[in-house]
Amino acid sequence: IRYDYMKTHPSEKMHLAVVACGERLEETVTMLRSAIIFSIKPLQFHIFAEDQLHESFKDILDDFPYEGKVNYTLYPITFPTESAAEWKKLFKPCASQRLFLPLILKNVDSLLYVDTDILFLRPVDDIWAFLGKFNSTQIAAMAPEHEEPRIGWYNRFARHPYYGVTGINSGVMLMNMTRIRRKYFKNDMTPVRLQWGEILMPLLKKYKLNITWGDQDLLNIMFFHNPESLYVFPCQWNYRPDHCIYGSNCKEAEEEGIFILHGNRGVYHDDKQPTFRAVYEAIKNYSFGDDLVHSLLQPLELELRKTMHTYCGRVYQVFIKQLTKSIRHLYARRSKG
């Protein structure tokens, strides 16, 4: 029903949230650029950032040629007062802010949260459409942490419960926040079910000595106890170095290309995985309004061919397969409209 509603109400905004701290300004802006290039429906960005980054974000974003389809709001980093220091230092700086988005953005019905190191290679509209595929019990959607259990982290090393066979990765997290706020979660701390705002701190207290990946581990624990609440989307919606550095193991990406690229491990900024860095640099350096084929796609393919000495480079076609389609569809829409 929701999907049909979205198709007939094209002006509905898609809400996208990101949390930026430390040296993540450029990376965040590049992610936002990738979202703007291909998306169809209007975008509302919710940017949670340290105070010293706000002015820089404003200067850059106010200079973007939005063509009226993008709005943004800047927010300070905020955690519950009594435990702010503990939440802020959990895993990477400020990363656990995402856990509190349903409680902060009380008037937002649904939201796509992404890490700063995400790049969209097709319209945000297409992952947003998964909201319409949720059944009556599902409240969020994420991709598996691994496709191949032999190299999986959770199934080999985790000292806490985790979802499914290999856990889930929270770098791309689609949320029906209305359902999240209403739900009472099963847990292993009390026979009483707890709401989202009630369960976070007790979970942290119970597992803080056992978790490695911070808030992602807490989400794994929550969905281990409430598996019916999670929609799992395929790996090409959250494609990471682990999908190719030991050999290609994301079959869907091999067939259809990468839809969302996730450059975790800092691969956009070093020389360890040049395929990932090439895509990042291409989108970062693209100027809005330039021809996407000659200014983005063709130079990128030349750079990707230079990476064929790496495992990821051997399957470089998966990095441009969907991007090529997205550019073709964008120009087709423009020619019609």
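Is Leu302 buried or exposed? Leu302 is exposed, with a relative accessible area of 56%, where exposed means over 50% relative accessible area, buried under 20% and partly exposed in between, for a 1.4 Å probe and protein chains only. The model is predicted, so that local features need pLDDT of at least 70 and side-chain atom pairs count only at pLDDT 80 or more, while totals for chains, interfaces and linings use all residues. Residues are numbered from 1 along each chain as its sequence is written, and side-chain values use heavy atoms, with hydrogens and water left out.

**The chain as a whole**

- The secondary structure of the chain comes to 15 helices and eleven strands, these being DSSP runs numbered from the N terminus (H or I over at least four residues for helices, E over at least two for strands).
- The chain is as compact as a globular protein of its length, because its radius of gyration of 19 Å is close to the 20 Å that the globule rule gives for 337 residues; the radius is taken over C-alpha atoms, and the rule is 2.2 Å times the number of residues to the power 0.38.
- Taken along the principal axes, the box filled by the C-alpha atoms is roughly 60 × 45 × 40 Å.
- Of the 337 residues, 57% count as buried, and the chain exposes about 14800 Å², of which carbon and sulfur atoms supply 52%, with accessible areas coming from the Shrake-Rupley method with a 1.4 Å probe.
- Among contacts between residues at least 6 apart in sequence, 72% join residues at least 24 apart, a contact meaning heavy atoms within 4.5 Å.

**Helix 13 and helix 15**

- Helix 13 (residues 292-305) and helix 15 (residues 317-336) pack at an angle of about 170 degrees, with their axes 11 Å apart; axes are lines fitted to C-alpha atoms, for helices over the stretch in contact, and angles run from 0 to 180 degrees between N-to-C directions.
- That angle makes helix 13 roughly antiparallel to helix 15, since angles over 145 degrees count as roughly antiparallel, under 35 as roughly parallel, 65 to 115 as roughly perpendicular and the rest as oblique.
- Helix 13 contributes Leu292, Val293, Leu297, Leu300, Glu301 and Leu304 to the contact, and helix 15 contributes Phe319, Ile320, Leu323, Thr324, Ile327, Leu330 and Tyr331.
- By class, the residues of this contact divide into eleven nonpolar, one polar and one charged, where Ala, Val, Leu, Ile, Met, Phe, Trp, Tyr, Cys and Pro count as nonpolar, Asp, Glu, Lys and Arg as charged, and the others, Gly among them, as polar.
- Leu302 is also found in helix 13, and its C-alpha atom lies 9.6 Å from that of Ala278, a residue 24 places apart from Leu302 in sequence.

**Helix 2 and helix 12**

- The axes of helix 2 (residues 25-38) and helix 12 come within 9 Å and cross at roughly 75 degrees, and the two helices are therefore roughly perpendicular to each other.
- Their contact is made by Glu26, Glu27, Thr30, Arg33 and Ser34 of helix 2 together with Tyr280, Ile283, Lys284 and Asn285 of helix 12, a set with two nonpolar, three polar and four charged residues.
- Arg265, in the loop between strand 11 (260-262) and helix 12 (274-285), has a phi near 65 degrees, a positive value in a residue other than glycine.
- Most residues other than glycine have a negative phi.

**Two buried strand residues**

- Met14, in strand 1 (residues 14-20), counts as buried at 0% relative accessibility, and, residues up to four places away in sequence not being counted, Met14 touches Ser39, Lys41, Pro42, Leu43, Gln44, Val124, Asp125 and Trp128.
- Ala141, in strand 6 (residues 140-144), is buried with a relative accessible area of 0%, and under that same exclusion Ala141 touches Phe134, Val172, Met173, Leu174, Leu230, Tyr231 and Phe233.
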